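Dear colleague,

Please find below the structure that I am handing over to you, together with its sequence. My findings follow directly after it.

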Amino acid sequence: MVVLMSTSTNSIDKRMNIVALTWPLFVEILLRTALNTSDVFMLSGYSDKAVSAVGVIAQLSFFLIIVSSMVSSGTGILIAQYNGSERAQESSYVAVASIALSCLVGVLLSLIAVIGAYSFLPLYGLEAQVEQYAQEYLLISGVMTFNITLGIVFTTILRSHGYSRSPMLVNLLSGVINIIGNYIALYQPFGLPVYGVQGVAIATVISQVFSTIILWQVLKRSDITLPFKQYRAIPRLIYSRIIKIGAMNAGEVLSYNMAQICITFFIVQMGTASLAAFTYAQNIARLSFAFALALGQGSQIQAGYYIGRGWIDSILTRVQRYFVIGFVVSTAVTVMIYLLRDQVINLFTQDPKIAALTASLIAGSILLEAGRVFNLIFISALKAAGDIQFPVKMGIVSMWGLGVGMSYLFGVYWGYGVLGAWMAIALDEWFRGIIMARRWRSKVWTRYTVQ
């Protein structure tokens with residue numbers, strides 16, 4: 001028995017290697033970025049107003065995903081730490097409890113999405129055509145939010161056990177399906193009619209359903225124990241820990257997304273050209289921070305496991321090293337995109353006004369993305385340790401005080417437009433990020449680990 005446990009521990013130790021965790025995450029994030037960008041790229045040939053609509057919906061959809069991840073974020077932290085401390089039964093109970101909770105949360109979010117399409121979108125004050133496109137997309141994609149919630153939990157369970165490759169492959173296949181669906185919806189193959197925004201939304205939903213079904217099959221065939229028959233034996237404490245950690249964890253991201261929605265509202269007032277440029281720049285910027293995002297997610301899994309094992313000093317040093325690597329890579333990629341900005345922007349739009357605005361935002365991204373790396377790495381590690389309240393509180397102060405407040409001052413009140421709002425977001429990232437780096441170095445987070 002001792003030999004078997006030792007072998008199992010050695011196996012999971014190998015899977016917790018940062019390279020083994022990060023490279024599938026990086027490929028998957030690039031795929032997801034390409035997928036999101038392909039939606040915008042394909043729609044840009046259909047209508048700039050459709051692109052603006054998707055830009056607004058992206059914020060609302062991200063909000064739904066954040067709430068969906070409330071369950072999965074608590075799941076990931078608990079499983080990683082329980083696996084690290086060799087508490088296999090608690091780890092399996094967390095997996096089952098999270099699947100049950102995700103079903104409940106997913107259904108509620110699907111209802112909220114449908115209600116939001118009729119009640120929330122009109123508050124943006126969009127042009128009539130833009131609002132119609134946005135409503136069509138949200139109704140189709142939002143009603144299937146429960147499917148996304150389940151898929152996120154399945155992915156988190158796999159990754160928390162060190163299986164990052166399977167979700168990557170599943171999402172690769174899902175992405176191919178989505179792109180084929182977009183092509184059918186917009187480019188009239190075989191003489192089919194143009195299905196427009198509705199067709200793109202349907203293609204997205206079909207690919208997401210496919211992804212969730214395959215992830216479930218992968219999970220069932222893995223060596224991860226899912227004792228559904230013992231659901232009555234799962235302590236209520238497990239459910240409460242998932243919800244408590246997940247709610248706090250999602251709070252920081254939720255605050256950020258709500259702030260972004262507010263900033264988007266300001267940009268809507270600047271005109272459709274500014275909104276389209278903001279949407280293009282956001283999609284292009286995802287390439288800049290893709291590696292740092294993957295590294296942050298990989299280090300979060302590793303940090304949770306190492307903390308469970310009691311390897312505090314080792315993970316303290318490793319996370320700081322990961323930050324330096326992420327900072328260098330993100331900055332280099334952003335500078336390269338800036339140097340190739342004309343060719344990149346030309347892929348999305350030929351409108352000279354939108355192109356000029358997008359170019360200015362790409363230049364600003366050199367500063368913004370460098371600051372974002374602090375938060376992607378250090379906040380992820382703090383969350384893995386269970387130190388979540390501090391990032392949430394600081395996030396609320398910085399995101400709203402600097403991000404939203406200065407976006408209004410720079411962009412609207414002082415008239416610097418969409419670039420002013422972009423620089424306000426950069427100011428928030430740097431201010432908050434430096435504080436999080438100091439928090440990690442202080443080792444205060446050691447008092448919050450799961451007992």
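This is a predicted model: local features need pLDDT of at least 70, side-chain atom pairs count only at pLDDT 80 or more; totals for chains, interfaces and linings use all residues.

Residues are numbered from 1 along each chain as its sequence is written, and side-chain values use heavy atoms, with hydrogens and water left out.

Helices

Helices here are DSSP runs (H or I, at least four residues), and strands are runs of E of at least two, numbered from the N terminus. The expected span of a helix is 1.5 Å times one less than its number of residues. Helix α5, residues 128-142, has 15 residues and should therefore span 21 Å; the C-alpha atoms at its ends are 20 Å apart, in agreement with that value. Its buried residues (under 20% relative accessible area, with exposed meaning over 50% and partly exposed in between, for a 1.4 Å probe and protein chains only) are V130, Y133, A134, E136, Y137, L138, S141 and G142.

Helix α15, residues 417-442, contains 26 residues and reaches 39 Å from its first C-alpha to its last, close to the 38 Å expected. Just after α15, K443 adopts a positive phi of about 65°.

Nonpolar cores

A nonpolar core is a set of buried Ala, Val, Leu, Ile, Met, Phe, Trp, Tyr and Cys residues joined through side-chain atoms within 4.5 Å. The largest one comprises 54 residues, and those with the most contacts inside it are L43, I57, L60, L121, Y124, L126 and I267. Helix α10 (residues 272-309) gives the largest share of this core, eight residues. Apart from it lies another core of 37 residues, including A290, L293, L316 and M394.

Leaving aside residues up to four places away in sequence, I57 is in contact (heavy atoms within 4.5 Å) with L121, A134, Y137 and L138.

Cysteines

A disulfide is a covalent bond between the sulfur atoms of two cysteines. With a disulfide taken as a pair of cysteine sulfur atoms within 2.5 Å, a search of the whole structure finds zero. C103 counts as partly exposed because its relative accessibility is 37%, and C262 counts as partly exposed at 23%.

Cavities

A cavity is a set of points, on a 1 Å grid over the protein atoms alone, where a 1.4 Å probe fits but cannot get out; lining residues have an atom within 4 Å of a point. Grid points are joined across faces, edges and corners, and a volume is the space filled by probe spheres set on the points. By this rule there are three cavities of 30 Å³ or more.

The second largest cavity has a volume of about 40 Å³. Its lining consists of A281, I284, A285, S288, T334, I337, L361, I362, S365 and W422. Helices α10, α11 (312-339) and α13 (352-384) each supply at least two residues of that lining, and α10 provides the largest share, four residues.

Two individual residues

Y239 is found in helix α9, residues 236-268, and is partly exposed because its relative accessible area is 23%. Beyond residues up to four places away in sequence, Y239 touches A97, L101 and I234.

G386 lies in the loop between α13 and α14 (389-413) and counts as buried because its relative accessibility is 17%. With residues up to four places away in sequence not counted, G386 touches Q81 and Y448.

With kind regards

Definitions and conventions: On a 1 Å grid over the protein atoms alone, a cavity is a set of points where a 1.4 Å probe fits but cannot get out, and a pocket is an open set with protein on both sides within 12 Å along at least five of seven lines; lining residues have an atom within 4 Å of a point.
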